[in-house]
Amino acid sequence: MALADITTPSQETEQASVQGSGWRRSLLIAVPYIWLLVFFLAPFVIVLKISLSDVVLARPPYFPTFDISEGWQGFVAMFQAFDLENYVWLTEDTLYLKSYLSSLKIAFISTMIALVLGYPIAYALAKAPKEWRSTLLMLVILPFWTSFLIRVYAWIGILKKEGVLNYVLLWSGIIDEPLTILNTDAAIYIGIVYSYLPFMILPLYAVLEKLDYSLLEAATDLGCSPFKAFWVITLPLSVSGIWAGCFLVFIPAVGEFVIPDILGGSSTIMIGKTLWVEFFSNRDWPVASAVAILLLIMLIMPIILFQKQQEKQAEASQ
Amino acid sequence: METLVSTQPVSDFAPWNNPGEVPLVHFDGVTKKFGDFTAIENLSLNIYEREFFALLGPSGCGKTTMMRMLAGFEHPTKGNILLGQGNLQEAPPHKRPVNMMFQSYALFPHMNVEQNIGFGLKQDKTPKAEIKRRVEEMLSLVQLEPFAKRKPHQLSGGQKQRVALARSLAKKPKLLLLDEPLGALDRKLREQTQFELMNIQEQLGLTFVIVTHDQEEAMTVASRIAVMDHGKIVQVATPAEIYEYPNSRYSADFLGDVNIIEGRTDISTGETASLYWSDEEAPLTVSTSLRLPAQTTAWLAVRPEKLRISKDKPPTSDNCIQGKVWDIGYTGNISTYHVKVSNGSILKAQVSNQERLADRPITWEDTVFVHWDKGAGVFLET
Ligand SMILES: Nc1ncnc2c1ncn2[C@@H]1O[C@H](COP(=O)(O)OP(=O)(O)OP(=O)(O)O)[C@@H](O)[C@H]1O
Ligand SMILES: [Mg+2]
């Protein structure tokens, strides 16, 4: 109720100022729609179509293909040739289910590690003196200046048996035998957490920086120790940042392919890797497409949740 | 208005006059600097138990800073603050028997009104039933019972302010700091809350320090008022003392309306002084014990309601000035006549409106006489 009261006047003025130039407004809205249509919806429809097709030894390696010269007849014929064979296949071979579950598990654990590491970093950033903050923030973003691939490859040099990490640990006497980290799940976790940590830190920093410090003063004034004040004030008020950070790490981590491929061992299965094998090694485009579609459906849930969370946050901050 | 009678501090409550009394709060030469900026300068002050102490001063004079030092959020750059017998500096904010109502309210946005008010009690591990009872008591005190389940962002400004007040009051702390607690309330609610506050303070024997920009409020609630200016205290006294015997033009001007007439002194006998305010007219006579050398600049401060105004020259009067009615301010119960006198300055005289507007004999442009007794004003050297 109060919200509506506040928003109406500004909306009215906005509408009034825009109404005069209706076509410009439509154009402005059309740009992102066209973008999504060309670069998201069209590829999605193509992948969906392939996932409903059959694999053949041909070029392209699936049937039916769509030939515009056959007109409406060809279109109908194509639809008649579609079936859900590939999706049925995904349920018959447990490899796919295992890949999905393993991806979810790895993504979930990585997200939790990133949260535990990212929160204190974001907190320290938000509490740092003003003149330092932009520099520190820069340092968080700095790795993005190098290619993702190169950074992941660099971890091989650190994690391998005769790598930097083992060298330091052996030299300092913490271990006697070099550790095997590369080509294990541990390496995947390290890689994912390292790569996506900034996505955790940035939204957390954004909420923590806005946090009204006088709330903590009020809490301690009322007899709450500073430690407890963190749990009852700071943490609940940064929930929106926690959600945002977790989704931003979790969603790409589920579909991650490069990190398990480069750092992980052959025993680790992740859906991204399975998809790659299906597509390039088995050249089974229809099954690979079905895997991709299912992955997308699986990720839509957290994405919708994420959007809901963002909306709520936007509402609350009004 | 029975509450009024029962809560009016009677004149026998004056611990500040008793040299043996140990103050509850003792500021000892406290200086607070923010970088190069001095917010509080070498300030010494005693606040006694059961006092309702008001801080009065213009924006930015350091009132909030003083409170924040008491609450433990700022530390004096120099000097000490003692609470009871102990040095306060060692206690962190959450261990002080002090609660503060923040000027910005600082309500917890993720908690509803009830939870906000009960927060302090919960920290003390008060039993649930007791918390519930106290929260309800506070809610009824600030008249917010229907809003108990609302979140702060669903409240109006005045409602938020009342929640903040209730939250700080819920623990009934030994020392309560109220930073402009009633500024956003309408007049009626404000007066009610003032009396409720005075009741609570009186009944529980608490000590309140209040910041207010409303001088009427300060005069109503306070046992003593400190008038502040740029981080210094100009005068600390009871409201009546400050009103009747301000020690400077600043404090005379800050509390209530006042006419200040500048002039030069002549001989002062120790009982009266003469003030030459105009070359053409007779000097003004003031009762004062001040002895100033002749020809120093001094001021006479006299409240508008102490001036009388008439169309005919009064037969006998200590001070009488002729002038012309320049303007009349009408505020219902009183009228303020602005009278322009020979040197061009304006004197304000207040008359209570016992007659109807149309029946009043004095009007614009009339030549009138403003007169007052020698004891009506205060003679000031600063
Ligand atoms: N953290 C700070 N850093 C720098 N200057 C400050 C800080 N806090 C207060 N000041 C300055 O100290 C002075 C006193 O501030 P304070 O908040 O005590 O004023 P106030 O008397 O409460 O004013 P108001 O009536 O407007 O609330 C102001 O000039 C303010 O700018
Ligand atoms: Mg203030």
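The legends below describe close-up views of a predicted model.

View 1. The secondary structure of chain B comprises nine helices and 20 strands, and its C-alpha atoms fill a box of roughly 75 × 50 × 40 Å when taken along the principal axes. Of the 382 residues in chain B, 51% count as buried, while the chain exposes about 18300 Å², of which carbon and sulfur atoms supply 49%. Among the contacts in chain B that have a separation of 6 or more, 66% are made by residues 24 or more positions apart.

**View 2. The magnesium ion (ligand 2) and its protein donors.** In this predicted model, the magnesium ion is coordinated by OG1 of B:Thr64 and OE1 of B:Gln103, at 1.9 to 2.3 Å. The pair links distant parts of the chain, 39 residues apart, with B:Thr64 placed in helix H2 (residues 63-71) of chain B and B:Gln103 in the loop between strand E6 (98-101) and helix H3 (113-123) of chain B. B:Thr64 counts as partly exposed because its relative accessibility is 25%, which falls between the 20% limit for buried residues and the 50% limit for exposed ones. B:Gln103, with a relative accessible area of 38%, is likewise partly exposed.

**View 3. Ligand 1 and the shell of residues around it.** Of the 13 residues around ligand 1, those that come nearest are B:Ser59, B:Gly60, B:Lys63, B:Thr64 and B:Thr65. A polar side-chain atom of B:Thr64 lies 2.5 Å from an oxygen atom of ligand 1, and a polar side-chain atom of B:Thr65 lies 2.6 Å from an oxygen atom of this ligand, whereas for B:Gly62 it is a backbone N or O atom that lies 3.0 Å from an oxygen atom of ligand 1. The protein covers 62% of the 640 Å² of accessible area that ligand 1 has on its own. Strand E2 (37-47) and H2 of chain B are the elements that give two or more residues to the shell, and the largest share, three residues, comes from H2(B). By class, the shell around ligand 1 holds four nonpolar, seven polar and two charged residues.

**View 4. Helix H3 of chain B and the helices that its buried residues pack against.** Eight of the 11 residues of H3(B) are buried, so the helix is largely enclosed by the rest of the structure. These buried residues are B:Val113, B:Asn116, B:Ile117, B:Gly118, B:Phe119, B:Gly120, B:Leu121 and B:Gln123. They pack against helix H10 (213-221) and helix H11 (226-237) of chain A, together with helix H4 (128-141) and helix H5 (157-169) of chain B. At the N-terminal end, H3(B) is capped by B:Asn112, with a side-chain oxygen 3.2 Å from the backbone nitrogen of B:Glu114. Just after the helix, B:Lys125 takes a positive phi of about 60 degrees.

**View 5. B:Glu271 and its contacts in chain B.** B:Glu271 lies in the loop between strand E11 (259-268) and strand E12 (272-276) of chain B. Its relative accessible area is 64%, over the 50% limit, and B:Glu271 therefore counts as exposed. Not counting residues up to four places away in sequence, B:Glu271 touches B:Val286, B:Ser287 and B:Thr288. The C-alpha atoms of B:Glu271 and B:Thr288 are separated by 5.2 Å, although the two residues are 17 residues apart along the chain.

Definitions and conventions:
Residues are numbered from 1 along each chain as its sequence is written. Chains are lettered from A and ligands numbered from 1 in the order in which they are written. This is a predicted model: local features need pLDDT of at least 70, side-chain atom pairs count only at pLDDT 80 or more; totals for chains, interfaces and linings use all residues. Side-chain values use heavy atoms; hydrogens and water are left out. Donors are N, O and S atoms within 2.8 Å of the metal (3.2 Å for Na, K and Ca); water is not among the atoms, so sites may look incomplete. Helices (H or I, at least four residues) and strands (E, at least two) are DSSP runs, numbered from the N terminus. Buried means under 20% relative accessible area, exposed over 50%, partly exposed in between (1.4 Å probe, protein chains only). A residue is near a molecule or strand if one of its heavy atoms lies within 4 Å of it. A polar contact is a pair of N or O atoms within 3.5 Å; within protein, one must be able to donate a hydrogen and the other to accept it, and residues adjacent in sequence count only if both atoms are side-chain atoms. Accessible areas come from the Shrake-Rupley method with a 1.4 Å probe; for residues, only the protein chains shown count as cover. Ala, Val, Leu, Ile, Met, Phe, Trp, Tyr, Cys and Pro count as nonpolar, Asp, Glu, Lys and Arg as charged, and the others, Gly among them, as polar. Contact means heavy atoms within 4.5 Å.
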